[in-house]
Amino acid sequence: MNNSLKLGIVGAGRMGITHFSIANAHEHAEVTGVADPSRLITTMLGKYTKVSTYKDYKGLLKGEQLDGVLVCTPPALNPEILDAALEAKLHAFVEKPFMLSAGDGERFARAFDAAGLVNQVGYVNRWNDMFTKAKSFIEHGLIGRPLRFRSEMFSPTIIRDPGDAGWRSTHANGGGAVYEMASHALDLINYMLGAPDRVGGTSLTKVWSKQVEDVVSSSLFYESGLAGTIYVNWSDASFRKPTNKFEVFGSEGKIQVDQHGIKIFLTRAHEAHGLKEGWNQLYITDVFSSVPFYVRGIEYTAQMFDFIDAVRAAKAGEPAPVRCTFADASANLRVIEQLFADGAANAQGDAA
């Protein structure tokens, strides 16, 4: 392990612990330090994994000789952490939504690119085999010219009064269905079809939360004529876990895809892709890519291994392509800002 990348983790919540296990499974990487304000968490990690622990990122960056940092903290804390990572010339992986403003995101995208540092954001659906296959079908023109789409996400995250405690209760900490869930649905749109030019008819509705929205709906428009809708509900108890659904209607067919399967309707057969005229069904077991370590889903390992491989390539002076950069995440934040502005304007109009 002497030639392994040395990685540090800031934030040992659910995602931080997930990435801790995955990164240590890579044969050329090692998590040497973890920072978290919870003494219980750091004590347990130190006792059972022998990793060095710190109460904050300042101690981590001072105490460890790192190649990269995995930032898994609420987005309100990320600018300060990334400024320090940039000064220390560390490659960075950041959990979505990355920042609270597009302006901050674009500043860090420019700075990390200029410094030659790998920068990646954890929009994990970009590594799901079903969504990557659907994107490939669209790019190869199987459904012709995309005309309409809808991107949806559902979860039972908030199905009772959450109170005012916790980071999810305010936008200032990155809470709310827009930052937490709609960001994923928007990223799939940007990944598949590019960022929209404008939004309209946005509705942000509270179900259980007092200060943030629980349900999001809006329409998205492109200058090309392409248009679609987004509908996100994190108070839907009919779903057992977070689920994305994406549908695209084109001039020669239609694709319906989620994390587990694709249904594609074609007006003509595409033998090169093994698809017949009419309806075709593909399951994740038909196309899944293999990973050497599995936790929570193939896509979680694939995205972390891609980050580690990109850092190793960058350190060797080789091209280091990244599937979701700070710039990609900033494009999502631009649309999020439009959703908030449009939703507020519509609410004022309704109240007048």
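Mentor: α1 passes α9 in a right-handed crossing, meaning the near helix is turned clockwise from the far one by less than a right angle. This is a predicted model, where local features need pLDDT of at least 70, side-chain atom pairs count only at pLDDT 80 or more, and totals for chains, interfaces and linings use all residues. Residues are numbered from 1 along each chain as its sequence is written, and side-chain values use heavy atoms, without hydrogens and water.

Trainee: What angle do α1 and α9 pack at?

Mentor: About 65°, with the axes of α1 (residues 14–23) and α9 (residues 298–315) 10 Å apart. The two are therefore roughly perpendicular (65 to 115 degrees).

Trainee: Which residues of α1 meet α9?

Mentor: Met15, His19, Ile22 and Ala23. Their partners in α9 include Tyr300, Met304 and Ile308. Contact means heavy atoms within 4.5 Å.

Trainee: Now α4 and α5. How do their axes cross?

Mentor: At roughly 10°, coming within 11 Å. So α4 and α5 are roughly parallel (under 35 degrees). Among the residues in the contact are Leu82 and Leu86 of α4 and Phe108 and Phe112 of α5.

Trainee: Switching topic. How much space lies in the second largest pocket?

Mentor: About 220 Å³. Of its 14 lining residues, the closest to the centre are Lys245, Phe246, Gln256, Val257 and Asp258.

Trainee: Which elements give two or more residues to that lining?

Mentor: β7 (146–154), β11 (243–250), β12 (253–258), β13 (261–266) and β14 (278–283).

Definitions and conventions
Axes are lines fitted to C-alpha atoms, for helices over the stretch in contact, and angles run from 0 to 180 degrees between N-to-C directions. Helices (H or I, at least four residues) and strands (E, at least two) are DSSP runs, numbered from the N terminus. Angles under 35 degrees count as roughly parallel, over 145 as roughly antiparallel, 65 to 115 as roughly perpendicular and the rest as oblique. On a 1 Å grid over the protein atoms alone, a cavity is a set of points where a 1.4 Å probe fits but cannot get out, and a pocket is an open set with protein on both sides within 12 Å along at least five of seven lines; lining residues have an atom within 4 Å of a point. Grid points are joined across faces, edges and corners, and a volume is the space filled by probe spheres set on the points.
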